[in-house]
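Please look over the sequence and the model shown here before reading the report that follows.

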Amino acid sequence: MASQFTLGKKERLKSRKAIDHLFAKGNKKTIQPLRAVYMLTNDKSLLLGAGASNKNFPKATDRNRVKRLIREAWRLQKNELAEKLAGKAFGLHVFILCTDRELPAYTAVTLAVKKIIHLLEKEIESGQLLK
RNA sequence: ACUACAAGCCGGGUUGUCGCUUCCUGUUUAUUCAGGGGGAGGAAAGUCCGGACAGCACAGGGCGGUGUACCGGUGAAGAGCCGGCCAUGCGGCAGCAAUGCCCUAUGAGAGAAAGUGCCACAGAAAAUAACUGCCCCGGCUUCAUUGACGGGGUAAGGGUGAAAACGCGGGGUAAGAGCCCACGGCCGUUGAUGGUAACAUCAACAGCGGGUAAACCUUGCAUGCUGAAAUGCCACAUAUAGUACCAUUGAGGGCGGCCCGCCCGAGACUGCCUUAGGGCAGGCAUGGUACAGGGUAGGCAGCUUGAGUCUUCGGGGCAACCCGUUGAACAGAUAAAUGACAGCUACUUUGCGCAAGCAGAGAACAGAAUCCGGCUUACAGGCUUGUAGUUAUU
RNA sequence: UGGCCUGUAGCUCAAUGGUAAGAGCCGUUGCCUUAUACGCAACAGGUUAACAGUUCGAAUCUGUUCGGGCCAA
């Protein structure tokens, strides 16, 4: 349990219902190439979904690439966020989209994900997040 | 050696760290952890064809619809592939020409002699050709077979056109005409020979019908419909619910559209009339149509081993391909895994440098979703083979 | 995953296989007006999405490709 740069099945958003709910009621924040949709939940887990629109990336290869980059960046940086959440009584659902039209570089994605995580930490601490 | 074209093949390698998915073994209260194995393509794409598989439907026949179309082979099958036949086009040769032969490329290549339609413009005429011209006859007229008119014959000539009524030469005739003849072309029937066949060659007889079927159509052949969001099971949830209309004994339903014909078809209460059969009214039920809603959208199976793929050797076949045999692997995700970073190296390229080398950049098309066989399209760079051209050497 | 429809001028649409495609709006120029608008006149603007094929001839028929839209538990 020491080094946990993992992102298994349990740590990803997989339910169609949950995702529909998230998009219908969640908060949105845009940070340059990416956009995060997030919401607090009662199930005490930190779940991530990644996506890219069909319109901006018509080729399946590019969509796969974007999703992999987002997941990789999240995997390596999400631990501090998990620590903040550890003591609380709620979980967090996050869905990150790529809004750019062109394939982003790995470094740009890491930076943006880092910003998103800092932002989420702040909101958790100040208790601004609505359920 | 280089360039171009065609065909076939490859589509970077390796080490480390951190991850994802699946299977096996062990372990654990636990889909917890450990170890080991597998993990995108030649097109996974387009969905243009064909199947496998699944569900539903199904006595039969005709019509209709859709697809397809030289012949043979191959294969599970096809609008695929291989071989052949025929036609057409470019080029070359022969010939006055028609045409024939050779080379190469292309072909959705049944039927235009079953019928219907269409063929703009131009042209007399675009398909039962007499506008002009040519010729004959008649009366009239004129110096004159000169002129106009009327009746006929005639497809040789006529600015067109994509296409003009078999081609060319000769005979023949009032003028002409396959009317006749020589050479040649095409079509039909019959016969012979070769070929499995398409077809080819020869002979006889009868002919000369313009094009278009990717216009309608005719003929032969094939053909149920729907597709893994199929389909089966489990869990959760709900409303055998509601409203309107129609039908329920010769009504209706089935044969997926129509027709023939055939088959199926008695579930059912109350009241009134009636000898009975039966009739009328209402209700239940069943079925159908429409409206307006409600619930679920989780899991398991299907799900990856299949007419399979590649490979060694032998055999058959011109070839596609087939038969036997040796060996090797062969993904199963489901908001959807197959990745990220770093080093070394192979390749291409830019700059510096005499060179060795140093530094930087690039690396295509593209991502499985039930599975196969084809076709089509995209593709940096490289390899092999063949053909053609250029240069150099022998 | 499986189907269906569609592509013509900058926009909205026409055109039976037959003049190398037409109308309205838009645009440009001129006239009208002191000026603008309206109006009038003229002009420009198209490889009919691309490539092949059938045909004497293709926007139209056929095939392939590309783009756009829609439907389906």
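How many helices and strands does chain A have?

## The fold of chain A

In this predicted model, chain A has four helices and four strands, and when these elements are followed from the N terminus they come in the order α-β-β-β-α-α-β-α.

Chain A consists of 131 residues, of which 40% count as buried, while its accessible surface comes to about 8,100 Å², with 51% of that area belonging to carbon and sulfur atoms. Among the contacts in chain A with a separation of 6 or more, 80% are accounted for by residues 24 or more positions apart.

## The surface near RNA strand B

RNA strand B is surrounded by 25 residues, and the closest of them are Lys 9, Leu 13, Thr 61, Arg 65 and Arg 68. When this surface is sorted by class, it has 13 charged, seven nonpolar and five polar residues.

Two helices, α1 (16–25) and α2 (60–77), each supply at least two residues of the surface near RNA strand B, and α2 gives the most, with eight residues.

## Which parts of the RNA are met

Of the atoms of RNA strand B that lie within 4 Å of the protein, 73% belong to sugar or phosphate, and the rest belong to bases.

For Asn 64, a polar side-chain atom lies 3.4 Å from a sugar or linking oxygen of RNA strand B.

Technical notes: Residues numbered from 1 in each chain as written. Chains lettered and ligands numbered in written order. Predicted model: local features only at pLDDT ≥ 70, side-chain atom pairs only at ≥ 80, totals over all residues. Heavy atoms only, no water. Buried < 20%, exposed > 50% of the residue type's maximum accessible area, 1.4 Å probe, protein only. Contact = heavy atoms within 4.5 Å. Areas by Shrake-Rupley, 256 points an atom, 1.4 Å probe, with all protein chains shown as cover. Near = heavy atom within 4 Å. Polar contact = N/O pair within 3.5 Å; in protein donor to acceptor, adjacent residues only side chain to side chain. Nonpolar A, V, L, I, M, F, W, Y, C, P; charged D, E, K, R; others polar.
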